[in-house]
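Subject: Structure handover

Hi,

Here is the structure I promised to pass on. Please open it alongside this email.

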Amino acid sequence: MRILLGITGGVAAFKAASILRLLTEKGHDVRVVATENALRVIGETTLANLSKHKVNVDLYADTEEGAHIELADWAEKILIAPATASLLGRLANGIATDLLTNVVMATSAQITIAPAMHTNMFTNQATQSNIQKL
């Protein structure tokens, strides 16, 4: 299966390496879209080596259709892990500010979102409202 793994900049981003490794060991073709903040937590080289593909970060990468459309069309499933409160808020309100949010807005693939944040942020009314909306 073609799985796009979206990684955001929460402290849990380091766990994406394990998720990526497990998915590829199961035989899935996994491509990574990381936010710039995610790459502050986990190295691009690690993600590229585990996926055997370049890590996609740039919304304005030079592609025929646009990176967001090519990745949105390529993916059969999208897993966003970890998903920060910021990402949840942007997705819930249709705000596409980076490659990952643009891919989500453009895809017809099934999307699974795994929130990861401090409990205080998770239980915040705004976060809970965004989760319900999604």
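This is a predicted model: local features need pLDDT of at least 70, side-chain atom pairs count only at pLDDT 80 or more; totals for chains, interfaces and linings use all residues.

**Strands**

Start with β3, residues 77–83. This strand is mostly covered, with six of its seven residues buried. It pairs with β1, residues 2–7, through four bridges. β1 and β3 run parallel. To find the pairing on screen, look for Ile3, which stands opposite Lys77 of β3.

β3 also pairs with β4, residues 110–115. Here there are five bridges, and again the strands run parallel.

**Helix α5 and its surroundings**

Now go to α5, residues 99–106. How many of the eight residues of α5 are buried? Six are, so the helix is largely enclosed by the rest of the structure. The buried ones are Leu99, Leu100, Thr101, Asn102, Val103 and Val104.

What covers these buried residues? The cover includes the strands β1, β2 (29–34), β3 and β4. It also includes the helices α3 and α4 (85–92).

**α3 against α5**

One is with α3, residues 67–74. The angle between α3 and α5 is about 55 degrees, and their axes are 8 Å apart. That angle makes α3 oblique to α5. The crossing is right-handed. On the α3 side, the contact is made by Ala67, His68, Ile69, Leu71 and Ala72. On the α5 side, Leu99, Asn102, Val103 and Ala106 take part. By class, the contact of α3 with α5 has seven nonpolar residues, two polar and no charged.

**α4 against α5**

The other packing is with α4. Helices α4 and α5 pack at about 40 degrees, with their axes 11 Å apart. This crossing is right-handed too. α4 contributes Leu87, Arg90 and Leu91 to the contact. α5 contributes Leu100, Thr101 and Val104. What classes of residue make up the contact of α4 with α5? Four are nonpolar, one is polar and one is charged.

**Where to look**

For a quick tour, centre the view on β3 and find β1 and β4 paired with it. Then move to α5 and bring up α3 and α4, which pack against it.

Best wishes

Methods
Residues are numbered from 1 along each chain as its sequence is written. Side-chain values use heavy atoms; hydrogens and water are left out. Buried means under 20% relative accessible area, exposed over 50%, partly exposed in between (1.4 Å probe, protein chains only). Helices (H or I, at least four residues) and strands (E, at least two) are DSSP runs, numbered from the N terminus. Two strands pair if DSSP finds at least two bridges between them. Axes are lines fitted to C-alpha atoms, for helices over the stretch in contact, and angles run from 0 to 180 degrees between N-to-C directions. Angles under 35 degrees count as roughly parallel, over 145 as roughly antiparallel, 65 to 115 as roughly perpendicular and the rest as oblique. A crossing is left-handed if the near helix is turned anticlockwise from the far one by less than a right angle, and right-handed if clockwise. Contact means heavy atoms within 4.5 Å. Ala, Val, Leu, Ile, Met, Phe, Trp, Tyr, Cys and Pro count as nonpolar, Asp, Glu, Lys and Arg as charged, and the others, Gly among them, as polar.
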